[in-house]
Amino acid sequence: MTVDAMRIKELDGMVRRMGAIVSVFDVRSGTVGNHAFSAFRELMDVYVDACGRNLRQGEDFIEKGVALNSDDILKLNEAFRKVFGAEPMGLAPKD
């Protein structure tokens with residue numbers, strides 16, 4: 001399925017807004033003093049980066065979900081350990 005120009009513009013705006021929200025989270029969470037909570041930023045970064053990459057590949061990440069590559073999985077696993085102090089279960093790359 002080809003994503004039309006209007007949908008691409010809409011999704012691109014969404015990726016930009018999500019990135020702005022992540023930036024605000026980074027600034028605000030730093031004042032809490034809880035490094036595990038602040039590490040949620042890393043999870044969000046992977047999501048936003050994957051959404052942007054999927055969009056550049058012509059994929060609608062809302063309709064089809066976010067396709068992760070092996071580098072994304074490595075970053076998510078590391079961030080998950082920082083946030084929850086445990087290994088994630090069941091994550092597998094789609095590349």
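Which residues of H4 are buried? In this predicted model, the buried residues of H4 are Asp72, Ile73, Leu76, Asn77, Ala79 and Val83. Buried means under 20% relative accessible area, exposed means over 50%, and partly exposed lies in between (1.4 Å probe, protein chains only). These buried residues of H4 pack against H2 and H3.

Because the model is predicted, local features need pLDDT of at least 70 and side-chain atom pairs count only at pLDDT 80 or more, while totals for chains, interfaces and linings use all residues. Residues are numbered from 1 along each chain as its sequence is written, and side-chain values use heavy atoms, with hydrogens and water left out.

The chain contains four helices and zero strands. Its pattern along the sequence is α-α-α-α. Helices (H or I, at least four residues) and strands (E, at least two) are DSSP runs, numbered from the N terminus. The C-alpha trace spans about 45 × 30 × 15 Å along its principal axes. Of the 95 residues in the chain, 32% are buried. Contact means heavy atoms within 4.5 Å. Among contacts with a separation of 6 or more, 54% join residues 24 or more positions apart.

Helix H1 covers residues 5-29 and helix H3 covers residues 40-56. Their axes come within 10 Å and cross at roughly 165 degrees. H1 is therefore roughly antiparallel to H3. Axes are lines fitted to C-alpha atoms, for helices over the stretch in contact, and angles run from 0 to 180 degrees between N-to-C directions. Angles under 35 degrees count as roughly parallel, over 145 as roughly antiparallel, 65 to 115 as roughly perpendicular and the rest as oblique. The crossing of H1 and H3 is left-handed. On the H1 side, the contact is made by Ile8, Leu11, Asp12, Val15, Met18, Gly19, Val22, Ser23, Phe25 and Asp26. On the H3 side, Phe40, Arg41, Met44, Asp45, Tyr47, Val48, Cys51, Gly52 and Leu55 take part. By class, this contact of H1 with H3 has twelve nonpolar, three polar and four charged residues. Ala, Val, Leu, Ile, Met, Phe, Trp, Tyr, Cys and Pro count as nonpolar, Asp, Glu, Lys and Arg as charged, and the others, Gly among them, as polar. A crossing is left-handed if the near helix is turned anticlockwise from the far one by less than a right angle, and right-handed if clockwise.

H1 has 25 residues, and its end C-alpha atoms are 36 Å apart. The expected span of a helix is 1.5 Å times one less than its number of residues. In H1, Arg7, Leu11, Gly13, Val15, Met18, Val22, Phe25 and Ser29 are buried. What covers them includes helix H2 (35-38) and H3.

H3 also packs with helix H4 (residues 70-84), at an angle of about 160 degrees and with the axes 8 Å apart. H3 and H4 are therefore roughly antiparallel to each other. H3 passes H4 in a left-handed crossing. H3 contributes Phe40, Glu42, Leu43, Val46, Ala50 and Arg53 to the contact. H4 contributes Asp72, Lys75, Leu76, Ala79, Phe80, Lys82, Val83 and Phe84. The residues of the contact of H3 with H4 divide into nine nonpolar, no polar and five charged. The 15 residues of H4 reach 21 Å from first C-alpha to last, close to the 21 Å expected at 1.5 Å a residue.

Ala36 lies in helix H2. Its relative accessible area is 25%, so Ala36 is partly exposed. Leaving aside neighbours within four places in sequence, Ala36 is in contact with Lys82 and Val83. Ala36 and Leu55 are 19 residues apart along the chain, and their C-alpha atoms are separated by 30 Å.

Asn54 is in helix H3. With a relative accessible area of 2%, Asn54 is buried. Leaving aside neighbours within four places in sequence, Asn54 is in contact with Glu59, Phe61, Gly65, Val66 and Ala67. Asn54 and Val66 are twelve residues apart in sequence and 7.0 Å apart in space, C-alpha to C-alpha.

Gly58 is found in the loop between H3 and H4. Gly58 has 29% relative accessibility and so counts as partly exposed. The C-alpha atoms of Gly58 and Arg28, 30 residues apart along the chain, are separated by 33 Å.
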